[in-house]
Amino acid sequence: MVSRNIYWQLIFRVVFLSITALAIGLLYAEKRIIFAALFLFILVLQTYFLIQYINQTNRKIAYFFDAIKNEDFTLRFPEKLSVRSLEELNHSLNTLNTMIQDIHLKKQAQEQYYQEIIKQADIGIMTFNKKGHILFANSKIEKLFNHKPLNHIKQLAKIDTDLFSLFAELQPFERKLIKLANEREKQQIALKSTSITLNNEDLILVVAQDIHQELDEKETDSWVRLIRVLTHEIMNAITPITSISESVLKYYKTNDTLIPITEYTEAHIKNTVKGLEIIKEQGVDLMEFVQSYRSILSLPKPDKTLVSAKKLLDKIKLLMRQENQKNNISFEIQTIPEDLQLFIDEKQISQILINLSKNAYQSLGDQENGAIKVTAGISKAGKKYISVWDNGPGIPPDLIEEIFVPFFTTKNTGTGIGLSLSKQIMHLHGGNISVVSLENTRFTLTFN
């Protein structure tokens, strides 16, 4: 509506200017000099008022944008004027100014809200530019680094030279772990960085979190689970030894008194021999159990070489052919891309894949249409991986956290160290092993 009124105002003034100019020309041609001079004066007045009208409109709009630029929302234009178009323009500018003011206030309130959340967050947050100037650091990161205020990453050298070197070389999308210690406590801080752009300036956003307590809790939990399994296995081996020893002892002792040799019978000797044989078997089992425990602790350092993923999977498929024929289960392999290479210890990784494949065969049992698929590829995060998938019944949710504990097993046979050995091998490779088991089961080896 405002633009239409201004539009008609301009047309009206331009038309009158044109008519006045035409009248001057006609009067001058007819030698009516006085009337021509009069119309010329009118033409000058019309031109002056047109310029004044346009300048007045432009000045108002310029004042308005200057006020918005300077976040000055007190500017108000009079809305009662003789010229309707200017009155409507002023009203529209005042309305727009009020709307922008409301948006600005809401934005400020949101910004304060988010800043308060960041300040109260239990993780440290910091942003700095390429020159090392820290633009923002919340109270948590200042507490983690025990330094306040943080204005430049050079200040971190006063805390720890390694910390400063880490930040000086930190690149976007990196994850780092650093240990800090002071007279009060030890901290193990995990850092995660990402890149952001603010006002056409490239910044690095760093999130820091003290994971020392979490690691302690997980370590304690791991020890509890391991001790529980060890206690269970050792008690299973020792209980029969104790029971049989008591039974054999009764053949030779009554009420703390030795039975005379003359009362020994052939049955005593035979039962004693049988008891000793059982004790020996249990002792051998216990020794094997201890030996398997030692095998976890004495894993050799991986002898890494570049290995073709396709050849590795072909080898696993060939080794598992006998199991495949025996169980009539489909076993597929896939490598994407086909020329994928892995920097690994081939023997150790083959050991993991054979163990996972055998576990998959055992989980499928006599299931119809059983299938196993071993895939090697590169994840969306750019990490190389090998996964072993089967369409078996899956692992019960209450056991999924226990399967990597040494000696934990749900099978009647086996030592229960296969998966724990696999996890240890992957740690030595600088990678990890994970499992997802819902309708199907997938173990994934991820290499860094």
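Predicted model: local features only at pLDDT ≥ 70, side-chain atom pairs only at ≥ 80, totals over all residues.
Residues are numbered from 1 along each chain as its sequence is written, and side-chain values use heavy atoms, with hydrogens and water left out. The protein has 12 helices and 14 strands, these being DSSP runs numbered from the N terminus (H or I with at least four residues for helices, E with at least two for strands).

**Overall figures**

- Of the 448 residues in the protein, 32% are buried, where buried means under 20% relative accessible area, exposed means over 50%, and partly exposed lies in between (1.4 Å probe, protein chains only).
- The accessible surface of the protein comes to about 29,700 Å², and 57% of that area belongs to carbon and sulfur atoms; such areas come from the Shrake-Rupley method with a 1.4 Å probe, and for residues only the protein chains shown count as cover.
- Among contacts with a separation of 6 or more, 56% are between residues 24 or more positions apart, a contact being heavy atoms within 4.5 Å.

**Backbone geometry**

- Most residues other than glycine have a negative phi, and most peptide bonds are trans.
- A cis peptide bond also runs from I336 to P337, with omega near -5°, and P337 belongs to the loop between β9 (330-335) and β10.
- N146, in the loop between α4 and α5, has a positive phi near 55° although the residue is not glycine, and its relative accessibility of 46% makes N146 partly exposed.
- N369 likewise is not a glycine and has a positive phi of about 60°; N369 lies in the loop between α11 and β11 (371-378) and counts as exposed at 70% relative accessibility.

- T20, located in helix α1 (residues 2-29), is buried at 5% relative accessibility, and, leaving aside residues up to four places away in sequence, T20 touches F39, I42, L43 and Q46.
- F35, L38, F41, I42, L45, Y48 and F49 form a nonpolar surface patch with about 680 Å² of accessible area together; patches are made of residues with over 30% relative accessible area and no salt bridge, like charges being joined within 9 Å and nonpolar side chains (Val, Leu, Ile, Met, Phe, Trp, Tyr) within 5 Å.

- Helix α6 (residues 161-169) has L163, L166 and F167 buried, and, seen down the axis of α6, its buried residues line one face of the helix because they fall within an arc of 95°, as given by the directions from the helix axis to the C-beta atoms.
- On the other side of α6, the residues T161, D162 and E169 are exposed.
- The N-terminal end of α6 is capped by D160, which has a side-chain oxygen 2.8 Å from the backbone nitrogen of D162.
- In helix α12 (residues 418-428), the buried residues are L419, S420, L421, S422, I425 and M426, and just after α12 G430 takes a positive phi of about 80°.

**Salt bridges**

- The whole structure contains four salt bridges, each defined as a side-chain nitrogen of Lys or Arg within 4 Å of a carboxyl oxygen of Asp or Glu.
- One of them joins the side chains of R32 and E30 (3.7 Å, N to O), and R32 is partly exposed, with a relative accessible area of 46%.
- E346 forms a salt bridge with K315, the closest N and O atoms being 3.9 Å apart; E346 lies in helix α11 (residues 346-364) and K315 in helix α9, so the pair ties together parts that are 31 residues apart in sequence.
- Both partners are partly exposed, E346 with a relative accessible area of 30% and K315 with 34%.

**Strand β10**

- F343, in strand β10 (residues 341-344), counts as exposed at 53% relative accessibility, and F343 touches K304, T305 and L306 when residues up to four places away in sequence are not counted.
- F343 and N448 are 105 residues apart in sequence, with a C-alpha to C-alpha distance of 9.7 Å.

Conventions: Polar contact = N/O pair within 3.5 Å; in protein donor to acceptor, adjacent residues only side chain to side chain.
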